[in-house]
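Let's take a walk through this structure together, going from one residue's surroundings out to the wider packing. Have the 3D view ready as you read.

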Amino acid sequence: MAPLVFLLVGTSAVLVAGLAGVRRLRSWPVAVRCGLALMFTVTGLAHFVGMRQELVAMVPPALPAPELLVTVTGVLELAGAAALLWSATAPWAAGGLALMLVAMFPANVHRALSGAGLPWDDRLVPRTLLQLVFLAAALSVVVHHVRKARRAPAEGRAG
């Protein structure tokens with residue numbers, strides 16, 4: 001649940017800053033990028049501090065080197081978070097993070113199916129719904145970029 005809170009608070013804070021007059025923060029795609037960047041910074045850091053052993057335990061037993069996988073995914077989340085903040089790399093980062101969310105989903109399923117006494121938001125249905133929200137947010141950045149790129153040539157011909 002904490003990642004969702006960071007996504008929502010980060011996105012909302014940027015939207016409020018935009019409404020308060022910070023021109024560069026007025027659009028919803030920028031706000032979503034910043035919310036995602038905050039969320040992936042926090043979750044990426046958790047791969048190294050605080051939740052590392054819990055994340056290692058989530059790795060399905062069929063996968064090799066769980067500690068290495070947690071380290072690599074943590075680094076990728078932190079790199080993706082940074083890349084979301086630069087408009088030139090944001091769509092690529094969002095696409096990569098979306099793929100990573102899909103690739104890491106089996107760990108969430110493994111945890112939900114093998115853990116007893118889990119908090120409600122770590123159970124399979126709520127966790128799946130949360131992952132879908134995160135995936136939709138990341139894909140919205142990609143879709144916005146694609147639509148913007150398609151409009152640019154049409155606007156150039158109109159002038």
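Predicted model: local features only at pLDDT ≥ 70, side-chain atom pairs only at ≥ 80, totals over all residues.

Met39 belongs to the largest nonpolar core, a set of 22 residues, and is listed with Leu7, Leu36, Phe40, Leu84, Phe134 and Val141 as touching the most other members. At least two residues of this core come from each of helix 1 (2-19), helix 2 (28-46), helix 4, helix 5 and helix 6. Helix 5 supplies the largest share, with 7 residues. As background, nonpolar side chains tend to be buried together in soluble globular proteins.

Next, follow helix 5, which spans residues 90-114, to Arg111. Is Arg111 buried or exposed? Its relative accessibility is 18%, and because buried means under 20%, Arg111 counts as buried. Beyond residues up to four places away in sequence, Arg111 touches Glu54, Met58, Leu118, Pro119 and Asp122. With Asp122 there is also a polar contact, in which the two side chains meet at 2.9 Å.

Finally, how confident is the predictor along the way? The average pLDDT for the protein is 92, and 96% of the residues score at least 70. Confidence is highest in helix 4 (residues 66-84), at a mean of 97, and lowest in helix 6 (residues 124-158), at 88.

How values were computed
Residues numbered from 1 in each chain as written. Heavy atoms only, no water. Helix = DSSP H or I, 4+ residues; strand = E, 2+ residues; numbered from the N terminus. Buried < 20%, exposed > 50% of the residue type's maximum accessible area, 1.4 Å probe, protein only. Polar contact = N/O pair within 3.5 Å; in protein donor to acceptor, adjacent residues only side chain to side chain. Contact = heavy atoms within 4.5 Å. pLDDT = per-residue confidence, 0-100. Core = buried A, V, L, I, M, F, W, Y, C linked by side-chain atoms within 4.5 Å.
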